[in-house]
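Biologist: Please take a close look at one part of this model, the chain that is written first. I would like its make-up, its overall dimensions and its contact with the neighbouring chain in one connected account.

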Amino acid sequence: MNASSLQAEALTAGYGERRVLDNASVDIAPGQLTAIVGANACGKSTLLRVLSRLIAPASGRVLLDGSAIDGMAARKLARRIGFLPQSPMAPEGISVLELVSRGRHPHQGLFRRWSAADEAAVADALAATGLLALAERAVDELSGGQRQRVWIAMALAQQTNVLLLDEPTTFLDINHQIEVLDLLTELNHTRGTTVVMVLHELNLAARYADTLIAMAGGRVYAAGTPETVLTEATVREVFGLESRVIEDPVTGKPMMIPLGRHGGVGSATRSS
Amino acid sequence: MNHATPAQRAELSALRRGRFRRRRGTLALLAAGLLVGVLVTLALGQSYTPLSTVARVLVGVDVPGASFTVGELRLPRAVACLLAGACFGLGGVAFQTLLRNPLASPDIIGISSGASAGAVFAIVALAWSGPAVALVAVAAGLGVALLIYLLSWRDGVTGARLILIGIGLAAMLQSVTAYLLMQAPSWSLQEALRWITGSVNGVRLTQALPLSLALALLGGLLLSRRADLDALRLGDELAAGLGVRLGVTRIVVVLASVGLVAFATAVTGPIAFVAFLSGPIAARISGQSGSLLLPAALVGALLVLASDYAGQFLLPARYPVGIVTGVLGAPYLVYLIVRDNQRKGAL
Amino acid sequence: MQGFSPTPRARPSNAAPARPSVHRRYLARRLTGAALLITLLLGAAALSVALGARSVGWAEIHAALTGQVQSVGDAAVASRLPRTLLALLAGAALGVAGGVMQGLTRNPLADPGLLGVNAGAALAVVIGIAWFNLQTSLGFIMSALTGASLSAVAVYVIASLGRGGATPLRLALAGAAITAALTSLTTAIILPRGDISGLVQSWLVGGVGGATYDQITPVVPFLAVGFIVSVACARKLNLLALGDDTAAGLGENVALARGMSALGAVLLCGATTAVCGPIGFVGLVVPHACRLLVGTDYRWLLPFSALGGAILLLLADVAGRLAAHPAELDAGIVTAFIGAPVFIWIVRRRKVGAL
């Protein structure tokens with residue numbers, strides 16, 4: 001599968017009168033794993049929605065492999081960009097197999113029925129997420145981590161070159177957060193899928209992403225490798241928080257430690 | 001990243017085939033139930049007509065006595081029950097799926113009441129009859145649907161507000177119907193009950209024709225959208241991500257299901273709770289595999305047919321079908337409220 | 001209910017000397033409101049006596065009021081007197097009952113009609129007539145009260161089972177479900193009985209037309225007790241509005257407060273339904289309108305709701321007589337027309353989470 005690039009040029013968007021994105025531009029290289037970070041209401045989810053064309057921008061445009069997405073047919077676009085909202089709701093009683101099969105929707109037409117390619121895509125998606133044994137189980141009986149894997153499997157079955165995820169780790173325990181991020185990394189490495197996700201947890205974002213995009217006030221404040229973006233200055237500007245950024249002893253990536261009003265444990269850190 | 005082995009793929013295919021078979025089995029079972037139901041209602045009423053005689057009447061042989069009881073009385077009734085039930089079932093489940101809420105069915109949010117008020121207005125105030133009444137009913141149903149939508153719009157439409165506004169409008173429309181009925185030159189209880197709770201008494205075969213056309217056209221339209229409706233059950237955003245065109249799908253589904261419900265209401269009145277009940281019952285019977293549209297249509301037809309038969313012959317007195325479904329449906333609505341309370345409370 | 005705050009209170013830094021004047025301004029406002037409502041009430045009552053299918057002159061009105069009925073016109077006016085009295089009493093009762101129910105359930109959509117109470121009263125009366133050969137007005141009232149209280153309890157219990165308690169949406173839905181079931185049952189009982197089938201009509205839509213003093217007299221004691229109990233509960237309702245825990249913390253016996261105010265509300269709407277049939281939306285609309293006038297204090301709100309309810313039902317009845325001239329439109333239909341838009345307005349102005 002080929003990797004795709006995604007560019008946003010000078011996006012402005014909002015809900016009704018409220019402007020949430022203000023002249024935001026991003027450039028996502030093919031095959032990258034990108035994390036968008038920022039404080040609440042900085043426009044990061046809106047950016048993701050505009051990138052997936054759930055929201056039409058008031059001005060600016062989104063380019064997929066160099067061509068604008070706004071004229072593309074809905075199913076055609078859905079075969080190239082997958083989107084997973086923050087906490088999707090599974091219909092009551094639906095089985096894992098069936099939910100994952102829904103990912104084939106854009107590949108099916110009015111008269112084209114279920115094909116061998118569909119079956120293979122679903123089977124591979126289940127295998128990749130380790131869900132083959134759970135195929136017959138009802139989604140609402142699964143644990144939070146397993147459920148998130150089911151949704152990712154659905155997006156995998158969609159077989160898109162680009163996958164956009166809105167906070168895929170919220171409401172998950174830390175072990176399941178790591179599990180989900182590992183899975184996305186694997187997907188990115190083996191299939192070359194371009195992954196863009198909104199993440200709340202800065203340190204996990206820095207650890208897993210090739211590229212960090214830090215947003216503030218509807219604009220892109222900084223974008224680049226975690227080392228260039230996750231700095232004490234960025235954290236101060238984007239989150240309004242005093243922090244210390246050190247090197248993660250395990251991965252060598254930057255790691256942010258908040259200081260808070262009382263400067264952490266004691267005066268020692270402040271004076272150093 | 002792991003790929004599935006051929007053996008695993010085969011296993012999944014087998015699983016899926018099993019589900020398809022079960023689904024087809026359920027559909028066949030429902031259809032068989034309907035067939036048996038129709039035969040029973042044709043053969044067994046106040047008097048028993050042998051099936052052979054029923055068959056002869058159906059192919060057009062003139063049998064003294066039976067031609068009247070079966071051909072004039074029982075057949076139109078059975079046909080009206082089937083068609084109206086299927087229309088209510090389809091329209092109801094499409095609405096419930098679109099709004100992802102079992103309570104958002106056209107009979108609870110006032111669309112049936114609107115169609116009924118329209119039909120009564122055409123009959124009483126304009127002294128119209130026949131297809132013109134159906135058209136007024138459809139227009140009124142669509143008008144009410146539009147009104148509910150506009151009134152519940154405030155930074156988007158949410159289920160709770162839409163349902164509550166629908167309940168409020170329904171209360172008003174029901175009193176419109178009651179008022180119009182009282183203006184009618186002769187207050188006939190049976191006729192009034194048709195427009196208040198729904199009834200198939202005195203229905204004629206000619207009324208079935210527009211209804212079957214509506215069912216074929218609008219039902220076909222809905223069925224052609226069933227993949228999109230299925231995707232919509234995952235939520236608007238995910239569905240859009242899967243390539244569903246939300247705006248077009250919403251408009252098509254709303255128009256088609258309001259049309260179905262309104263056409264049926266124009267013939268039988270707003271048979272209480274059938275649109276509301278059919279979808280959830282179909283989901284319970286057929287499991288989650290595949291679209292609920294066909295099962296719900298069959299369940300709706302069966303529900304109306306069986307309730308009408310029970311209302312005629314199985315209860316101590318003769319009741320119109322809407323009374324029977326009204327008494328049946330209310331406990332289920334209560335169950336739904338209570339169950340929802342015990343879960344997260346997504347209402 | 002939180003949405004209805006009284007006029008923004010001035011908060012000067014030197015609060016102590018300012019307070020009496022704020023109080024006085026409140027009182028003045030309320031007294032002005034009361035005077036206004038009483039004037040309106042008198043006007044509405046006058047209209048109700050003077051206007052109708054037959055147009056009459058002053059002489060005929062005077063004759064009827066002084067009890068000298070000679071002409072047809074005199075008789076027409078005389079027949080409007082009990083009707084006016086009933087509209088006044090029933091409207092007041094429904095207004096107060098609605099206010100009490102909204103306080104009791106802390107739910108802005110509470111209304112005897114929407115919560116299935118009227119349908120319960122109707123079913124009980126029909127059962128009484130069909131199976132127990134009920135004939136006396138006292139019998140009607142007692143069975144209406146029984147039905148009203150049973151269905152009120154059922155709706156409330158259904159809506160508040162489980163977590164989350166009785167939200168407006170759940171109460172409205174439970175009310176709709178119970179109403180549908182009870183209405184079906186009522187019809188099912190009446191249908192096979194040719195002798196009483198004329199009753200269907202009167203239990204579908206309520207009104208005050210054709211009232212006689214003989215019908216009104218037996219309900220007066222019930223209404224009187226209902227009014228007294230309800231008004232006596234006003235202070236308790238003020239505390240309940242703060243939440244059960246807070247009310248208990250402030251020394252209120254919550255169960256007793258709820259029981260008493262429920263008794264008051266059921267007495268009022270059950271007795272009303274026994275004479276008038278189901279009249280919806282008066283109990284919904286009136287307390288909301290009065291809150292705009294006097295704020296959220298139930299000690300003021302309930303008496304105002306009584307006045308407002310009486311005015312609304314009187315005017316609805318008069319409008320019904322004029323709108324469908326020479327026929328008459330039942331007051332219950334008119335109130336539904338006024339009430340449903342108000343209901344929708346209340347739903348629209350609330351946040352989604354609060355539904």
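Modeller: In this predicted model, chain A has a secondary structure of 10 helices and 12 strands. Its radius of gyration is 20 Å, which agrees with the value near 19 Å that a compact globule of 272 residues would have. Taken along the principal axes, the box filled by the C-alpha atoms of chain A is roughly 70 × 45 × 35 Å. Buried residues make up 47% of the 272 in chain A. As for contacts within chain A between residues at least 6 apart in sequence, 66% of them join residues at least 24 apart.

Now the side that faces the neighbour. In chain A, 39 residues are in contact with 28 residues of chain B. Several elements of chain A each supply at least two residues of the side that touches chain B: helix 2 (74-78), strand 6 (81-84), helix 3 (96-101), helix 4 (116-128) and helix 6 (174-191). Helix 4 of chain A gives the largest share of that side, 8 residues. Sorted by class, the side of chain A that touches chain B consists of 22 nonpolar, 9 polar and 8 charged residues.

In chain C, helix 9 (residues 219-232) packs against helix 12 (residues 254-276) at an angle of about 150°, and their axes are 8 Å apart. Because angles over 145 degrees count as roughly antiparallel, helix 9 of chain C is roughly antiparallel to helix 12 of chain C. The crossing of these two helices of chain C is left-handed. Their contact has 13 nonpolar, 4 polar and no charged residues.

How values were computed. Residues numbered from 1 in each chain as written. Chains lettered and ligands numbered in written order. Predicted model: local features only at pLDDT ≥ 70, side-chain atom pairs only at ≥ 80, totals over all residues. Helix = DSSP H or I, 4+ residues; strand = E, 2+ residues; numbered from the N terminus. Rg over C-alpha atoms; globule rule 2.2 N^0.38 Å. Buried ≥ 20, exposed ≤ 12 C-beta atoms within 10 Å, placed from the backbone. Contact = placed C-beta atoms within 7 Å. Nonpolar A, V, L, I, M, F, W, Y, C, P; charged D, E, K, R; others polar. Axes fitted to C-alpha atoms, helices over the stretch in contact; angles between N-to-C directions. Parallel < 35°, antiparallel > 145°, perpendicular 65-115°, else oblique. Left-handed = near helix turned anticlockwise from the far one by under 90°.
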